Amino acid sequence: MTRVFVARMVGLPVLGPDGEHIGRVRDAVSAVSVGPRPPRVLGLVVGVGSRRRIFVPMLRITAIDAGAVTLSTGQVNLRPFAQRPNEVLVVGEMLDATVRVVDRQTEATVADVLMEHTRSRDWLITRLAVTERLGVLGRRGPVQVLPWAAVSGLSLAEEGQGTEQLMATFEDMRPADVARALLDLPTRRRYDVADSLDDERLADVIEELPGDEQRDLLRHLASERAADVLEAMDPDDAADLLADLPDPESEQLLGLMEPEDSQSVRRLLTYSADTAGGMMTPEPIVLAPDATVAEALARVRNPDITPALASMVFVCRPPSATPTGRYLGCVHSQRLLREAPFELVAGVLDAELTRLHPDAALTEVTRYFATYNLVCGPVIDENDHLLGAVTVDDVLDHLLPEDWRSQDPDPTTTGGLRVPESALPSTSKGGRRA
């Protein structure tokens, strides 16, 4: 089945691929809805034995029919299920909930929930079976199956939901998911959330927002806090944001930032946003030639460094801060894992990898990553100084349409965003500022 009412699943046996009995369905778990988008079903709560309940992700489920739910593997995590703040029990919390039919502004009760399998392999709650309350006596009308957006009362974006509840929901969510949720909130609620987040968390979320919303949130903050948030952002993201502000506003914020942070951002602002110099981060992993493989791996393990940036370390003469001394070469993280910890990184250098010039256009950078199968590449000036590193996520940001962050993947087609040729940015040289 590609569509199934959740209440009808309760009690169905859950089987492994060879027909072995694992347990029975007790509930379904969905993400908390923030706004009009249908929430995603995360998995099923399965009763194993007399009391134990475990969680089975939806990606493990290969078939749901009238007789059973079949899994792709008979191996399941037997850790007891524990509901997280950003999760909703469909049977336990949605069924019998009081909602409002938007068109008629009448109260109704949820009788069942329809989840649907999309082509992107996600299961979404697309419809609700509800019974309206009719007349002064509240008599229940016939069951109606309505689209998710036609009913209110189950979303955190609606009035009456406190900021504290939103914050609890956002606590375990990825910054990109929080940013998407913020887009569904009214402006006032969005500001409340921004005021409640700490600087580091807010910086991570702002980096994932479309440009207009980035500028709006930054202008909502007091100037001193806005500068603190910019310091916490990746320098290339901070430079992109400041480049879109009027010069006086940008200069004021740069002046409030710590000198070492503002200096990196100012340097990035001298390059066009769609060049290697404009896309690079000025804070890659830089080591001296006498550093050992063990030291390099310790730097790579830093959880604050993104996976793409951690895929490569760069070896340079002092100073190690960009722009560095003479660039000697790079070492891929996979190569580090194959070497003895006491070996020097200078002995395993890749000195032949083609380098990116800071003025290299987006098309050239894209071809570079495709040619060498890389997710990170060095940006070197004409004097052999390492200026920074471009990562593949920075390239994708510039290849996708400007409003890609506010778009939903189309569940009825490929489940992903299409990138029309007209959406590719121009490759003209020059500074960021008009």
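**Aromatic rings and cysteines in a predicted model**

Tutor: Let's begin with a cluster: ring pairs link Y368, F369 and Y372. Keep in mind that this is a predicted model.

Student: How many aromatic pairs does the count come to?

Tutor: Rings pair if their centres lie within 6.5 Å. By this rule, the count of aromatic pairs comes to three.

Student: Are the rings of F55 and F81 stacked or edge-to-face?

Tutor: Happy to walk through that one. The ring centres of F55 and F81 are 6.2 Å apart, and the cut-off for a pair is 6.5 Å. Planes under 30 degrees apart count as stacked. The planes here are at 20 degrees, so the pair of F55 and F81 is stacked.

Student: Which parts of the chain does this pair link, and how many residues apart are F55 and F81?

Tutor: F55 is in strand β5 (residues 52-57). F81 lies in the loop between β7 (69-71) and β8 (87-89).

Student: Is F55 buried or partly exposed?

Tutor: Buried means under 20% relative accessible area, and exposed means over 50%. F55 has 26% relative accessibility, so F55 counts as partly exposed.

Student: Are C330 and C376 buried or exposed?

Tutor: The cut-off for buried is under 20%. C330 has a relative accessible area of 0% and C376 has 1%, so both C330 and C376 are buried.

How values were computed: Residues are numbered from 1 along each chain as its sequence is written. This is a predicted model: local features need pLDDT of at least 70, side-chain atom pairs count only at pLDDT 80 or more; totals for chains, interfaces and linings use all residues. Side-chain values use heavy atoms; hydrogens and water are left out. Buried means under 20% relative accessible area, exposed over 50%, partly exposed in between (1.4 Å probe, protein chains only). Rings of Phe, Tyr and Trp (its six-membered ring) pair if their centres lie within 6.5 Å; planes under 30 degrees apart count as stacked, over 60 as edge-to-face and the rest as tilted. Helices (H or I, at least four residues) and strands (E, at least two) are DSSP runs, numbered from the N terminus.
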